[in-house]
Amino acid sequence: MISRIHNKLGTAGFVVAIVALVAALSGAAIAANNGLTSKQKKQVRSIAKEEAKKNPGTPGAPGAPGAAGAKGDTGAKGDTGAAGEDGADGAPGKGIVLTAEPKGANCENAGTKVEVEGTPASKKYVCNGLTGFTDTLPSKKTETGTWALGPQAETTVISLSFNIPLAEAPEALHFVNLAGEEFTGEGAPVATPVNCLGEAEEPKALPGHVCVYEGTNLGESGPFFGNSSLEALYTSGATFAYLSAPGKVAYGTWAVTAK
């Protein structure tokens, strides 16, 4: 190889070629214009490139990482994937079993037993409540109603019927007029009620008493005629007297509370 280059370029050209080759292998750029013809220069460059390919230099150290590039655009939406296979069937569910429950420790007034099928530990009881019927009004409980009279004249006896009978007849009947005064029997009115602490819109009575509330009074009359001979108290109701003039109209509410 060396003799071939020497023969082609001669001594001077050979030297220049060697220098150019060394420069190519080392990565340096050297101008080699002196003593060479144009044809020789081309031959030198060709030989230098050929030798550089055969004898590559040692790789340099890696350079520092470059700056991060800008975020790219969002890619196009992919195609819909194929449908998956059907999953395995689940275990059969358990039903709810309802059974009539007789009176006893679980339900005082009978009811229904509820349990999950095949799971005795899950049983619950839905018990019946007490019946709403009662023979007599329970102690300290109150029932109410309405009364009315007219248009008519003279003394009128008004009757009150208790929806639920009392176990014992009331002790006394009281009347509360529009002014809020309480009358009892043939006695004088009491400015501040002591037995009837309600009003026509919300009648109340102390235990063992009947309270009659005047809600409307149209016409001339003496409102409450306290006459014990016309007053009656029963377990099923009561009566009271009301003095009215011709064309008189009056009505209101009442309350009775069991002892």
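A polar contact here is a pair of N or O atoms within 3.5 Å; within protein, one must be able to donate a hydrogen and the other to accept it, and residues adjacent in sequence count only if both atoms are side-chain atoms.

**Entry 1: ground rules.** I am working on a predicted model, where local features need pLDDT of at least 70, side-chain atom pairs count only at pLDDT 80 or more, and totals for chains, interfaces and linings use all residues. I number residues from 1 along each chain as its sequence is written, and side-chain values use heavy atoms, with hydrogens and water left out.

**Entry 2: glutamate 182.** I looked up this residue and found its side chain reaching the backbone nitrogen of cysteine 196 at 3.3 Å. Glutamate 182 is buried but has no salt bridge. For the record, buried means under 20% relative accessible area, exposed over 50%, and partly exposed in between (1.4 Å probe, protein chains only). A salt bridge needs a side-chain nitrogen of Lys or Arg within 4 Å of a carboxyl oxygen of Asp or Glu. The nearest side chain of opposite charge, lysine 204, is 13 Å away.

**Entry 3: the salt bridges.** Where are charges paired, then? I count 3 salt bridges in the structure. Lysine 113 and glutamate 115 form one at 3.9 Å, N to O, and both residues are buried. Lysine 259 pairs with glutamate 168 at 2.8 Å, and also with glutamate 171 at 3.7 Å. Shared partners join Glu168, Glu171 and Lys259 into one network. Lysine 259 is partly exposed at 35%, whereas glutamate 171 is exposed at 52%.

Definitions and conventions
Lys and Arg count as positive and Asp and Glu as negative; His and the chain ends are not counted.
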